[in-house]
Structures are given as structure tokens and as C-alpha cells.
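Colleague: Before I use this model, I would like to go through the labels attached to it and hear what each one rests on.
Modeller: Then let us look at it together and take the labels in turn.

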Amino acid sequence: MLLPWRSLPPRVAVGRCASTIQASVQRFVPASSSIDSSALEQLQAFVSQASRLFVISGAGLSTESGIPDYRSEGVGLYARTNRRPMQHSEFVRSAKSRQRYWARNYVGWPQFSSHQPNSAHLALRDWEEKGKLHWLVTQNVDALHLKAGQQRLTELHGSTHRVVCLDCGQLTPRAELQKRFAALNPGWEASAGAVAPDGDVFLEDEQVLNFRVPACDACGGVLKPEVTFFGDVVNRATVHFVHNKLAESDAVLVAGSSLQVFSGYRFLLAASGRKLPIAILNIGPTRADHLTDIRVSARCGEVLPAIQLS
């Protein structure tokens with residue numbers, strides 16, 4: 001018999017070795033133990049007793065689809081390289097920085113856009129279809145939740161699959177921009193290095209000197225991925241909307257996020273203030289561990305599909 005969530009001990013333990021995942025993506029997934037039957041039963045109780053579940057997903061949900069993250073110990077971008085993501089201020093003020101960014105993004109786009117949802121994305125989609133999931137907020141910009149068919153969704157940091165004009169605000173599909181890049185740069189080639197979490201690749205500066213970047217076809221303005229770059233802030237209307245969805249919910253589950261970025265962490269603070277039950281599923285520590293009743297360190301792709309909905 002499953003226990004009420006308030007009866008569950010904090011910091012759920014895990015055991016056994018992790019189950020096998022595809023070798024092609026394993027290098028992006030940090031080492032973890034496989035959740036044991038006791039821990040799974042306790043998380044099952046938490047989900048079962050929620051009727052309007054609010055989920056926050058992060059990069060740890062997409063590593064099993066082959067997309068690296070920034071912070072995971074040993075395998076994240078920060079651990080493997082000295083590379084840091086594009087800063088908002090740098091992109092806005094420097095045409096040279098935009099040229100470098102878009103050249104790298106152009107090379108990396110075919111691979112990045114080909115990634116597909118994994119079992120964790122599909123499980124959350126099923127939870128929505130069965131009425132368990134009230135709202136899903138993702139910090140990811142890879143569009144994998146949309147590819148999985150999720151509808152009750154807010155992409156908190158936007159999506160690399162959309163491009164916005166900083167002058168007139170026109171939105172266009174990223175795939176259309178790829179065609180414009182190709183037309184403007186016939187014969188331009190650059191061999192791709194490793195793909196970064198935001199979809200670009202590692203290129204030397206001299207490789208991008210002759211790369212041409214198109215302007216907005218509506219007003220001639222500057223084009224940017226419709227994502228929140230580091231150093232920028234999430235739109236206030238989006239934050240307000242998500243807080244309203246949280247207020248309608250009765251429990252919060254974090255899936256695959258360390259919550260180091262305040263844009264996501266703020267919703268855990270709000271949930272704690274509302275005394276909502278909180279569970280965290282993530283490999284490694286998170287910023288909100290002190291706020292949670294249940295803490296599970298295991299792979300999202302192993303755990304979420306194993307949860308049964310009544």
C-alpha cells in the first residue's frame with residue numbers, strides 16, 4: 001500500500017546500478033544509480049495523490065536525447081570545456097559576435113534539430129493526456145516537449161526553433177532561416193566540432209570571417225533566436241502566466257533540473273510559500289533540495305515511464 005506523501009521520509013535513497021542507455025548519448029548523462037523499488041513506490045505515491053500536477057523540466061530531461069547540458073558533473077559543457085554560452089549583451093551590441101554565433105549555429109542546426117523526444121518526454125505527454133499533469137514549464141529550448149505532443153506547456157526560455165527580429169518582433173521558423181543562410185553563403189563550409197547545449201558548434205574565429213548573416217525580411221532588423229540568452233530576463237508576462245498556473249496546481253515535480261538559474265528556482269520558492277508538496281527527480285544536488293519532501297537521484301528516462309497513473 002502506498003503511503004501519503006507527508007508520511008514519506010525526505011531524501012529518498014537509491015540503489016543498484018543504472019540501466020543501460022544508448023551509447024551514443026551516454027556521454028552526456030552523468031553517472032547515477034538506478035532507482036530502487038522503494039524509492040519508486042514513494043515517488044509513485046506522490047504522483048498518485050496529485051490531481052493537478054505542476055512540472056518543471058530542465059536539461060537533465062534532454063541529455064538522454066543526446067543534447068548536452070551545461071552543469072552536470074564530469075559531462076556538462078562547463079566540465080568538459082572552457083566554453084561559455086553567448087551573453088545577451090554581447091549578441092545585441094556586436095555584429096561580429098552575431099556573425100560568429102550564427103555561423104556556428106548554422107553548422108550545428110542540422111544535427112541539433114534532428115534530436116527526438118525520449119521516454120521521459122513521452123511519459124509527461126501521456127500524463128497530460130490522462131489528466132494528471134496540469135501544466136509543464138520547461139527551461140529547455142530544444143522543442144522536444146512540443147515534438148512529443150505536449151500542449152499544456154510554457155517554454156520558459158523560448159525555443160531555438162523560432163527566430164525573432166529585435167526591431168519589429170516578427171517571428172519566423174528557424175528552419176526557414178537555414179535556407180536563407182545557405183542562399184547567402186554558397187560554397188561556405190566549416191567542419192563541425194561538438195554541438196553545444198544551445199545548438200551551435202565549436203568553430204575557430206577565422207572560419208567565420210566570410211559568413212554572411214541575413215537581416216529581417218520584414219524590416220531589415222537584427223535576427224536572434226527566440227530564446228532567453230544568459231544575462232537576459234524572462235518576459236514578465238510569461239512569469240506572471242506561469243505563477244497563475246502554479247496557483248492552480250496542488251503539487252510540484254522537478255524533472256532534470258538543478259534549478260541553479262533563478263528563472264526556474266523562483267517557482268519552487270513560490271510553491272514552498274504556498275506549502276505545496278514538492279518532489280525533485282534529478283541526478284545530483286539542486287538549489288531547492290532544502291525545500292523538498294522527496295528527493296530522487298536517478299535518470300528521468302528510467303523513472304517517469306515507470307510511474308503508473310490510476
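Colleague: How many helices and strands does the secondary structure of the protein chain come to?

Modeller: The protein chain has 11 helices and nine strands, where a helix is a DSSP run of H or I with at least four residues, a strand is a run of E with at least two, and the numbering starts at the N terminus. This is a predicted model, in which local features need pLDDT of at least 70 and side-chain atom pairs count only at pLDDT 80 or more, whereas totals for chains, interfaces and linings use all residues. Residues are numbered from 1 along each chain as its sequence is written, and side-chain values use heavy atoms, with hydrogens and water left out.

Colleague: What makes a residue of the protein chain buried, and what percentage of the residues is buried?

Modeller: Buried means under 20% relative accessible area, exposed means over 50%, and partly exposed is in between, with a 1.4 Å probe and protein chains only. Of the 310 residues in the protein chain, 54% are buried. The chain exposes about 13900 Å², and carbon and sulfur atoms supply 50% of that area, as computed by the Shrake-Rupley method with a 1.4 Å probe, where for residues only the protein chains shown count as cover. As for contacts (heavy atoms within 4.5 Å), 71% of those with a separation of 6 or more are between residues 24 or more positions apart.

Colleague: Why are H5 and H8 called roughly perpendicular?

Modeller: Helix H5 (residues 95–112) and helix H8 (residues 174–184) pack at an angle of about 115 degrees, and their axes are 11 Å apart. The axes are lines fitted to C-alpha atoms, for helices over the stretch in contact, and the angles run from 0 to 180 degrees between N-to-C directions. Angles of 65 to 115 degrees count as roughly perpendicular, under 35 as roughly parallel, over 145 as roughly antiparallel and the rest as oblique; therefore H5 and H8 are roughly perpendicular to each other.

Colleague: Which residues of H5 and H8 meet?

Modeller: From H5 come Trp-102, Asn-105, Tyr-106, Trp-109 and Pro-110, which meet Arg-174, Ala-175, Leu-177, Gln-178, Phe-181 and Ala-182 in H8. By class, this contact of H5 with H8 has eight nonpolar, two polar and one charged residues, with Ala, Val, Leu, Ile, Met, Phe, Trp, Tyr, Cys and Pro counted as nonpolar, Asp, Glu, Lys and Arg as charged, and the others, Gly among them, as polar.

Colleague: How do you know whether Ser-62 is buried or exposed?

Modeller: Ser-62 has a relative accessible area of 2%, so Ser-62 is buried. Ser-62 lies in the loop between strand S1 (53–57) and helix H3 (77–80), and among the residues that Ser-62 touches are Asn-118, His-121 and Asp-142, not counting residues up to four places away in sequence. Ser-62 and His-145 are 83 residues apart in sequence, yet 9.5 Å apart in space, C-alpha to C-alpha.

Colleague: What makes Ser-159 count as buried or exposed?

Modeller: The relative accessibility of Ser-159 is 1%, so Ser-159 counts as buried. Ser-159 is in strand S4 (residues 158–165) and touches Val-141, Ala-143, Glu-226 and Val-227, leaving out residues up to four places away in sequence.

Colleague: Which label do Cys-219 and Phe-230 receive, and why?

Modeller: Cys-219 is at 42% relative accessibility and therefore counts as partly exposed, and Phe-230, with a relative accessible area of 26%, is partly exposed as well. Cys-219 lies in the loop between H8 and S6 and touches Cys-165, Asp-167 and Cys-168, not counting residues up to four places away in sequence. Phe-230 is in the loop between strand S6 (223–227) and helix H9 (236–247).
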